[in-house]
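Subject: Structure handover

Dear colleague,

I am passing the structure below on to you, together with an account of what came out of going through it. Please read the notes with the coordinates open beside them.

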Amino acid sequence: MIQSIVQWLSTAVTPQSSPLPGQVPNSAGAFAWQVDDWTRLDRFLVLGAEGGSYYAAERTLTLENAQAVLACVIADGARALARIVLISTEARAPKNDAAIFALAVAMKRGDEATRRAAAAAVPAVCRTGTHLFQLATAVQALGGWGRGTKRAFARWYTERAPRDLAWQLVKYQSRAGFSHRDVLRLAKPKGADATHDVLFRYATRGVRPEGGLASVDPALILVDAVEAAKTADRVTLIRLIVDHALPWECVPTVHLGSTEVWDALLHAGAHGMPFGAMLRNLARMTSNGLLKAGAPAIDTVVARLADGESVRRARVHPLSVLAALVTYQSGKGARGSLTWAPAPRLVKALDRAFYDAFANVAPTGKRWMLAVDVSGSMDAGVLGGFPGLTPRIGAAAMAMVTARTERSHEVVAFTAAPNGYGGQWGGGTPGLTGLDVAGRRLDDVVGAMRALPMGGTDCALPMVHALRRRIPVDVFVVYTDSETWAGSVHPAEALRAYRQAMGIPAKLVVVGMVSNQFTIADPDDAGMLDVVGFDAGAPAAIGIFAGA
Ligand code: CA
């Protein structure tokens, strides 16, 4: 039985460019299947697309690409809305954009009851000002501002506690052409108390009471501080930052070059500057002199990076730390205008924080097999979401993440076949070579990957290999830069043959780290995922898909 399937795998030839049975060409010229709308709704909410693809590049969500969302909203509005709210509030998606768009569809296209329920769900799905602006954009595109829509937006403001609303107003100022002023002018919230009224007058017309907003309600002191900061001299600004923990977004541009101002930002608040902001601003703080070798502020940053608890509390992904490390170590900014001399202590602390951040990745408990492209092109190009990281470093780091978080894992590289030569380019037979990642350091893993002879990225090979050796695998992941060449058997067929022979409902993720477009996943197979490009949401998308 097993032997015959292996044999079948090597003889049944369905080149990747030909359709499988049941496939019909779609508008893009690729192949697609008819699928269940509710599965497509879930995919849309989690991945931001209805097919089996996660796209890293920002894409405008349109009703044209959300036909299943519309169908579900019409078929059973309450059920659709329940999924939208659940996936958004339980953070079951790497990004909230798709849930916000689907909520707008329910608000504008649902029946009376659905529209009312969707309006009531706005505060749950739109948790920040930015989310609300995204909803405004979607609502505008889907038919604009009826009375119910205006009321829903008004309630987002009137039902929010004053201190929280003040924070939302100063922190999230605008997005995609919408600001609080625009939304408030459209929604015209009424019937709020004196505190809300004073915030609305401030946000729409810039009007402030004589004694400041805090004279009406002490909870609004943050707004007074932000306003004072706009015209403050440096000494006053620093006091405001220290007293009110102003975020760096509230610092006027003219002061962003000041070492003292950044020193205050670094230390302000109960825990100091948020960890993520600290990582993203390392280059800026170094180039302006705050983190010059020997400067006392280095002690603060090094201490926070060395504090495993602080790394864990920030829930930062190892790749975010790695991107900061690679950029900082290079001594120059992504756009090339900034340069600095990296402090060795800080480099060492970042390196340690990278390994500490592995604790922030939750294990799925699944059995993983990763297959990594080791060709030369993996050293070219930069990942969209992690500036400074090449596909090679990104793939090596992701292999390490899996190896360190999942008990059961195996890493292989796409090489020439054993004793063979070539692969796709050399005219020989492609093969896989085992790669030991566990317990090794990143530079060591990257070096080992470079040293292997390259072969073609035949996406069916991992399943063929695992089946031949009877290796139990729940999740296959292919990491490549952009080439998703397949050999004599379609990856979807190889995956199905593997499932059938092993009795395991295995999944396949193909990651094209710098791709704009490719199609390996069978859109009718909920166990296949294409990750197109690589941003901060991609590791989460892979984890959610694998663990589901
Ligand atoms: Ca290549």
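Predicted model: local features only at pLDDT ≥ 70, side-chain atom pairs only at ≥ 80, totals over all residues.

Strand β6 and its neighbours

Within β7, A371 has V412 as its bridge partner. To get from β6 to β7 the chain passes through helix α22 (residues 391-405), and this β-α-β crossover is right-handed.

Strand β11

Strand β11 (residues 528-532) is likewise largely enclosed by the rest of the structure, because five of its five residues are buried. M528, D530 and V532 are buried on one side of β11, and L529 and V531 are buried on the other, which leaves both faces covered. Strand β3 (residues 53-55) pairs with β11 in the parallel sense over three bridges, and S53 stands opposite D530. Strand β10 (residues 507-512) runs parallel to β11 and is joined to it by five bridges, with L508 standing opposite M528.

Helix α6

In helix α6 (residues 112-120), the buried residues are T114, A118 and A119. Viewed down the helix axis, the buried residues of α6 fall within an arc of 135°, so they line one face of the helix. The buried residues of α6 pack against α3 (67-75), α4 (77-89), α5 (97-109), α7 (122-125) and α9 (147-158).

Salt bridges and cysteines

Across the whole structure, a search finds 23 salt bridges, and I describe some of them here. One of them joins the side chains of R83 and D42, at 2.8 Å from N to O. Since R83 lies in helix α4 and D42 in helix α2 (residues 37-47), this pair ties together parts that are 41 residues apart in sequence. R83 is partly exposed at 27% relative accessibility, and D42 is partly exposed at 24%. Another salt bridge links R160 and D164 (2.9 Å, N to O); here R160 is buried, with a relative accessible area of 12%, whereas D164 is partly exposed at 30%.

D525 and R496 also form a salt bridge, with their closest N and O atoms 3.5 Å apart. D525 lies in the loop between β10 and β11 and R496 in helix α25 (residues 491-502), so that the pair ties together parts 29 residues apart in sequence. D525 is buried at 8% relative accessibility, while R496 is partly exposed at 33%. R496 and D525 are also part of a network of salt bridges that includes R499 and D522.

Finally, the structure holds zero disulfides. Among the cysteines, C72 is buried at 1% relative accessibility, and C250 is buried at 7%.

With best wishes

Key: Residues numbered from 1 in each chain as written. Heavy atoms only, no water. Buried < 20%, exposed > 50% of the residue type's maximum accessible area, 1.4 Å probe, protein only. Helix = DSSP H or I, 4+ residues; strand = E, 2+ residues; numbered from the N terminus. Arc of directions from axis to C-beta. Contact = heavy atoms within 4.5 Å. Disulfide = S-S within 2.5 Å. Pairing = 2+ DSSP bridges. Right-handed = clockwise from strand over helix to strand, strands pointing away. Salt bridge = Lys/Arg side-chain N within 4 Å of Asp/Glu carboxyl O.
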